[in-house]
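Here is a brief report on one protein model. It covers charge pairs, a helix face, backbone exceptions and a few distances.

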Amino acid sequence: MAFLLRVELPDVPGSLGALATALGGAGADIEAIEIVERRTDGRVVDDVLLELPPQVMPDALVTACHQLEGVNVAWISRYNAGANLSMDLEAIERFTEDPTKALARLVEVIPETFRTDWAMALHRVDGLTQAIASSSTAPKLVAEADDWLGLRKAKVLREVPEWDSTVLAASPARGRDGKGMVVVVGRHGGPAFLPSEVARLGHMVSLAASVQSVRG
């Protein structure tokens, strides 16, 4: 069973090795580790993708981490996107395969690349906000979606009550053709989107929009 663990630890030699040893001792099989953010206070936020056997509870991993000095678990949850972390370059390769569908292809790879539960690309047709592409698990549109099309930069969005504690982020996707769209991503129950993740999302969406408008 795949789980994703977000952990904050000191950015010093040996910290990551100690973390890996503790998780392995608790029964976890580590599949990948990715740095999410390096902070100015000498700490780093990592995402750890791991497999747990059925007899090991996630709480055991939290306990093992907190026994290490300076380590704090921000979040742990089932990872439904599959047992791999898609890197940004792999995502770029995917959405440049067919430039005419770059944004739709980006929506497909966002859950793996950004560890979200879903993604959707929205635009306005005849005054109505519609999804031009979305994950199979994406929720139904709500009235707030109309306001998102006016975004000027990538940002964290306020939670939508109808979407049951899903944290949200979005980025405008305005290509050179001037057509305005927005890509919205959601994580059910967290963790909150870090500034570095929002910046990455904005860069990736802008690149996909540019590819689609130039080559489409």
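## Exposure and the basis of the model

A residue is called exposed when its relative accessible area is over 50%, buried when that area is under 20%, and partly exposed in between. Arg-38 has a relative accessible area of 56%, so Arg-38 is exposed. The model is predicted.

## Salt bridges across the chain

The whole structure holds 11 salt bridges. Side chains of opposite charge can pair when their charged atoms come close.

Take Asp-11 and Arg-38. Their side chains form a salt bridge, at 3.0 Å from N to O. The pair links distant parts of the chain, 27 residues apart. Asp-11 sits in the loop between E1 and H1, while Arg-38 belongs to strand E2 (residues 29–38). How accessible is Asp-11? Its relative accessibility is 37%, so Asp-11 counts as partly exposed.

## A network through Glu-197

Which residues are linked in a network of salt bridges? They are Arg-6, Glu-34, Asp-47, Arg-115, Arg-187 and Glu-197.

Glu-197 meets Arg-6 in a salt bridge of 2.9 Å, N to O. Arg-187 lies in strand E9 (residues 181–188), 10 residues from Glu-197. That pair, too, links distant parts of the chain.

Glu-197 has 2% relative accessibility, so it counts as buried. Arg-187 has a relative accessible area of 1%, so it is buried as well.

## Backbone exceptions

Most residues other than glycine have a negative phi, and most peptide bonds are trans. Arg-115 is not a glycine, but its phi is positive, at about 50°. This residue is found in the loop between helix H4 (102–114) and strand E5 (118–125). Arg-115 counts as buried because its relative accessibility is 4%. Arg-115 is also one of the residues in the salt-bridge network.

Asp-126 has a positive phi of about 55°, again without being a glycine. It is in the loop between E5 and strand E6 (128–134). Asp-126 has a relative accessible area of 78%, so it is exposed. The peptide bond from Gly-190 to Pro-191 is cis, with omega near 5°. Pro-191 is in the loop between E9 and H6.

## The two sides of helix H1

Which residues of helix H1 (residues 15–25) are buried? They are Ser-15, Leu-19, Ala-22 and Leu-23. They lie on the same side of H1, because they cover an arc of only 95° around the axis. An α-helix has 3.6 residues a turn, so residues three or four places apart point the same way. On the other side of H1, Thr-21 and Gly-25 are exposed.

## A negative surface patch

Glu-144, Asp-146, Asp-147 and Glu-162 form a negative surface patch. Asp-146 is in helix H5 (residues 145–148). Its relative accessible area is 40%, so Asp-146 is partly exposed. Patch residues must have over 30% relative accessible area, so Asp-146 clears that cut-off.

## Two C-alpha distances

Where is Ser-135? It is in the loop between E6 and H5. Ser-135 is buried because its relative accessible area is 15%.

Ala-102 is found in helix H4. With 0% relative accessibility, Ala-102 counts as buried. From Ala-102 to Ile-92 is 9.1 Å in space, C-alpha to C-alpha. In sequence, Ala-102 and Ile-92 are 10 residues apart.

Terms used:
Residues are numbered from 1 along each chain as its sequence is written. This is a predicted model: local features need pLDDT of at least 70, side-chain atom pairs count only at pLDDT 80 or more; totals for chains, interfaces and linings use all residues. Side-chain values use heavy atoms; hydrogens and water are left out. Patches are made of residues with over 30% relative accessible area and no salt bridge: like charges are joined within 9 Å, nonpolar side chains (Val, Leu, Ile, Met, Phe, Trp, Tyr) within 5 Å. Accessible areas come from the Shrake-Rupley method with a 1.4 Å probe; for residues, only the protein chains shown count as cover. A salt bridge is a side-chain nitrogen of Lys or Arg within 4 Å of a carboxyl oxygen of Asp or Glu. Lys and Arg count as positive and Asp and Glu as negative; His and the chain ends are not counted. The place of a charge is taken as NZ of Lys, CZ of Arg, CG of Asp or CD of Glu. Helices (H or I, at least four residues) and strands (E, at least two) are DSSP runs, numbered from the N terminus. Buried means under 20% relative accessible area, exposed over 50%, partly exposed in between (1.4 Å probe, protein chains only). The arc is that of the directions from the helix axis to the C-beta atoms.
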